[in-house]
Amino acid sequence: MSAVGVILPGATLGVLGGGQLGRMFTLAARTLGYRVLVLDPDPNSPAGSVADVHLRADYTDPHALARMGAECAAVTTEWENVPASTLDALAAHCPVRPSAAAVAVARDRIREKTFVRDLGLATAPFFAIRREDDLDAAVSGLRLPALLKTATLGYDGKGQLPVDNLEHAHAAFAQLGERPCVLEEKVKLAQELSVVLARGADGDIAVYPVGENVHRNGILHTTRVPGCIAAGVAELAIGMARRVAEALDYVGVLAVEFFFTTDGELLINEKAPRPHNSGHYTLDACATSQIEQQVRALCGLPLGSTRLLSPVTMLNLLGDVWGDSQPDWQQVFAHAEAKLHLYGKHHARPGRKMGHINVLSENADASYELATELFAQLSRRY
Ligand code: AMP
């Protein structure tokens, strides 16, 4: 007999968004025996091509949402920018996890940072900028340089500009379209870390080992696990991420990104209400991947083990590596413990996430060295 509220294989699950995260969700759910319906307007979406049903419609299309609500036992999202009205409409028919309210907090940097600060957790000092008049007080209240970031639709360093003085602040606000923003102190980074966790419908939390992240041009480049993290810092980060999950009464996979400053402060940068790029190492290096965990949490199943099976470095593959042709994948396959993941995207563009490689090894240093070597080889042009 199944537990109350548990959704078992054979049922249909819905995912909003057909990018790489939707594709990973679809593949993991189908492996477990679920049917998957993907909603994404793009006919070539990476997830649509591997789903049982690809609804090619806008995220607000009432017919598509009615069909999704009628066919799906539960729905999740691969990105936080799905309109709140979409999540609300679906929630009238089936469980939507994470909830519209939890997604809303991650969608808007002003809400997100205020939420974290109100919990008593540290962020980089910031001011909400809703109109131009807010800039004067913000510039005099912060130590410059700072970054002006749009409150919504900014990611991977997009929608943000450096600010060195009041004049820059006004110019940057105009350049960003006078949209609501946060002005945030540029902190001195010793390290960037992330915690990926899952919280089940019963409130149980399973936390993955903390990843040490390296970004290039604002985009994640590598995640190394175990990272070289100062004593006590990983535990502190995990404790902060758990606080966030509990305060949101969160159900699903949650990623929290941290700055560890040269002054020894641990600050929350942002969170993602879904599996995260910095958790892709779990696909090959953990007993349960973050994606399987997303399926488990969505379906009300017990969470799987997050045990690390091997030290690992995840190397992101951006469109830059393609140039005008496919990279030479034989360089990757030549290494018995390098695991290639390609997302099935048709066009490579600079900065576009096309895939990743998980490099396993006996120790994290060796995996990091091989990942660095592979990156250099794949980027080399003859
Ligand atoms: P974000 O899109 O806000 O996650 O920013 C992308 C990357 O830019 C981060 O991972 C950091 O490497 C860098 N960054 C963003 N905000 C700050 C900040 N306040 N101080 C220093 N570096 C930052």
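**Ground rules.** I number residues from 1 along each chain as its sequence is written, and my side-chain values use heavy atoms, with hydrogens and water left out. Since the model is predicted, I take local features only at pLDDT of at least 70 and side-chain atom pairs only at pLDDT 80 or more, while totals for chains, interfaces and linings use all residues.

**Domains.** I looked up the domain assignment, whose bounds come from an automatic or database source. I got domain 1 (12–96), domain 2 (125–185) and domain 3 (189–379). The C-alpha centres of domain 1 and domain 2 are 34 Å apart.

**Ligand site.** K149 puts a polar side-chain atom 2.8 Å from a ligand nitrogen. On the oxygen side, an N or O atom in the E192 side chain sits 2.6 Å from a ligand oxygen, and one in the E270 side chain is 2.9 Å from a ligand oxygen. The ligand on its own has 470 Å² of accessible area, and the protein covers 92% of that (Shrake-Rupley method, 1.4 Å probe; for residues, only the protein chains shown count as cover).

Helices here are DSSP runs (H or I, at least four residues), as are strands (E, at least two), numbered from the N terminus.

**Core.** I define a nonpolar core as buried Ala, Val, Leu, Ile, Met, Phe, Trp, Tyr and Cys residues joined through side-chain atoms within 4.5 Å. The largest one has 27 residues, and V244, F258, L266 and I268 touch the most other members. Among the elements giving it at least two residues are strand 9, strand 13 (252–261) and strand 14. Helix 8 (233–247) makes the largest contribution, seven residues.

**Loops.** For burial I use relative accessible area: buried is under 20%, exposed is over 50%, partly exposed is in between (1.4 Å probe, protein chains only). T288, in the loop between helix 9 (282–285) and helix 10 (290–298), is buried at 5%. Its side chain reaches the backbone oxygen of S305 at 2.8 Å. P95 sits in the loop between helix 3 (84–91) and helix 4 and is partly exposed at 32%.

I found a cis peptide bond from R97 to P98, omega near -5°, and P98 lies in the loop between helix 3 and helix 4. Another cis bond joins V225 and P226, with omega about -5°. N217 is not a glycine, yet has a positive phi of about 50°; I find N217 exposed, at 78%. D249 is not a glycine either and has a positive phi of about 50°. I place D249 in the loop between helix 8 and strand 13, exposed at 55%.

Definitions and conventions: Polar contact = N/O pair within 3.5 Å; in protein donor to acceptor, adjacent residues only side chain to side chain.
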